[in-house]
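Please look over the backbone, the packing and the chain contact of the model shown here. The report that follows takes these topics in turn.

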Amino acid sequence: MKFLGTKDYISTEDLSVAVNASITLEKPLLVKGEPGTGKTELARQIASSLKLKIIEWNIKSTTKAQQGLYEYDAVSRLRDSQLKDKKINNISNYIKKGKIWNAFELKDKCVLLIDEIDKADIEFPNDLLQELDRMEFYVYETGELIKANNRPIVIITSNNEKELPEAFLRRCFFHYIKFPEIETLSKIIEVHFPNIKKKLLDSALQKFFEIRDVPGLKKKPSTSEALDWIKLLLVDDLDPADLKVGGKKILPKMYGALIKNEQDIKLFEQLAFLSRNND
Amino acid sequence: MFLDFLIKMKESKLPVSLSEFLTFLDSLQFNIVEFDINKFYYLARTSLIKDEKLIDKFDIVFGEYFKAIEKIELDDVLNSLSIPKDWLEKVLSKHFTKKEMESIKSQGGIDKLIEKFKKRLEEQKKRHQGGNKWIGTSGTSPFGAYGYNPEGIRIGQDSRINGKAIKVWDKRIFKDFDSSNELDTRGFQVALKRLRQWAKTGLNEELDLDETINNTSKNGYLDITTKKERENSIKIVLFFDVGGSMDYHVQKVEQLFAASRNVFKNLNYFYFHNCLYEDVWKKNDRRWEERISTHDIFRTFNKDYKCIFVGDASMSPYEILVPGAGNEHYNHESGKIWLERAIKNWPSNVWINPLPKNYWDMSHSNGIIKEIFSNKMVSLNLKGLEEAMKLLS
């Protein structure tokens, strides 16, 4: 089993090494990086390239680790007991399987994506240590031991909002997706828009990196913004010449896809003002 | 294997644990990377380093360690050629076809090959390039580097000759992430979040399942019990130095400001100029019209609040020590008295200084403030902020 990117996803050499290490040694891979650099997409692409099923667990600030394993619905059991329902005799009627359980009970190997783990409480990763390490957990209510049929490929993404605990990190492989360089980015765009004209691509990318390099931007446009922008350019069938900026025009056409922040647009207005004064 | 690499990493204070190192050695055995130094580097990075802030440091250590390996002389190779035979055989069998292995065997096996190799090294007196027998560069002999016989034994390859002299780790593309460098807003947030303390406060709004079950079974009817919700309980008072020598730092300080506003539920900020006196203000453009008495602030925010001063502490020493020496107005009491009152009011306090640490000693006032704050002064970078959070919590 080897991952080398797919026809829809350009994987850099370092990313492939990290993914393959995690697949071979059956340890989770922690992926960090700027928003929009394809962290979540990576898991989906691994699944599709290795023809495996993917189970996605999206973490929110209120998510508890236990929810990934199972939840015991005590309240409905309590209610049913008041209604004298026969169901209450079997406790497993009130146990709801979580995503990790789902992944463990699959017949074949699968990809388990734990998305944005940093959104959850600081203790969250610690609560999953044993489960991800040994790939088994215990259901106290029924006394069952749930063990993975096949150790899933675990991909964990983080946006760096919280530091993750040491003990957790030690058990993972780690990869930081750097913002792609111009060659990689143009490859990525060509994968998504195979019919794009070279000229348009070159001038669009040049503009894109110029915008990215402006110091003081609150939110730098990233890969997904670049893709959206180029899509808009293609839909409108624009010419490389249309991307020219200068004079009163401070940003290229369709910049709304790139700059999503009022303060950033103001910043560009100021820059244009300054450059006019210099002329 | 690579034990000195581990020791070197430990010496450079990279937090690499033994279990991670074993994982790394494990993964080498699985041949995820095969004799490709770049991939080897990537594998080492993904298995040993778990924080992008540390990658730069790792790159340096990796570079140093493998530079040392590249410097190994022919003699060293010769001396150390008592490599375990089965290991060499294993490596060779991976690269030679069956036929080739047989031909090696017919020539006397691995032992003979090594014997031959040693002999040739000794025979060879001068530098050699090309050809198919001698050890050197660009040849087809199984010994040497850059040859057409990539399966051969590689000796003393010098990166200076190599076209791609700049190694991946030498590019140091993760330099910006090193924590001793300046911070971005996200970095601030990450650091400030360390301060969060969860406490149960406020109204009883959350269903307390355990208690509900307990009470229900005790009472015999459905008895819903609620509990208080968990909330971040950290309360902060921030004082920003604006104007004068701080103008240069204003942008950086505003970053901290923007970041901290959405991290805490209870955060109060005030501006001052150079040193704390009897008044502060909340809006910079109305600083003369809308002033707030510092005494009022002491009264409003009790000692549960944590107090952070942000300023470069660069001013004339008189502005701190002498009454009436304030730079913009006449102050009846010295700045020192006001600062000491603040410290007394908020026992958990810290002064964050945006100036680089090596500039601190240049102004006398800096030392005075540092003394007033009993040395609780940190720089405005991730490391400093982490230190500050430790001092506050």
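A:Met135 counts as buried, with 20 C-beta neighbours inside 10 Å, where buried stands for 20 or more other C-beta atoms within 10 Å, exposed for 12 or fewer and partly exposed for anything in between, the C-beta atoms being placed from the backbone. The structure is a predicted model, in which local features need pLDDT of at least 70 and side-chain atom pairs count only at pLDDT 80 or more, while totals for chains, interfaces and linings use all residues. Residues are numbered from 1 along each chain as its sequence is written, and chains are lettered from A and ligands numbered from 1 in the order in which they are written.

Most residues other than glycine have a negative phi. A:Met135 has a positive one although it is not a glycine, and A:Lys51, also not a glycine, has a positive value too. A:Lys51 is exposed, with 7 other C-beta atoms within 10 Å.

| Residue | Phi | Loop of chain A |
|---|---|---|
| A:Met135 | about 55° | between α7 (129–134) and β6 (136–139) |

Helix α9 (residues 182–192) of chain A packs against helix α10 (residues 198–213) of chain A at an angle of about 130°, with the axes 11 Å apart. That angle makes α9(A) oblique to α10(A), a class left over once angles under 35 degrees are called roughly parallel, over 145 roughly antiparallel and 65 to 115 roughly perpendicular. On the α9(A) side A:Ile182, A:Leu185, A:Ser186 and A:Ile189 meet A:Leu201, A:Leu205 and A:Phe209 of α10(A), contact being defined by C-beta atoms, placed from the backbone, that lie within 7 Å.

The largest nonpolar core has 62 residues, and among those that touch the most other members are A:Ala18, A:Leu29 and A:Ile46; such a core is a set of buried Ala, Val, Leu, Ile, Met, Phe, Trp, Tyr and Cys residues joined through C-beta atoms within 7 Å. Not counting residues up to four places away in sequence, A:Ala18 touches A:Leu29, A:Phe173, A:His175, B:Tyr42 and B:Thr46.

Between the chains, the contact takes 28 residues from chain B and 25 residues from chain A. On the side of chain B that touches chain A, the largest share, 6 residues, comes from α3(B).

Definitions and conventions
Axes fitted to C-alpha atoms, helices over the stretch in contact; angles between N-to-C directions. Helix = DSSP H or I, 4+ residues; strand = E, 2+ residues; numbered from the N terminus. Contact = placed C-beta atoms within 7 Å.
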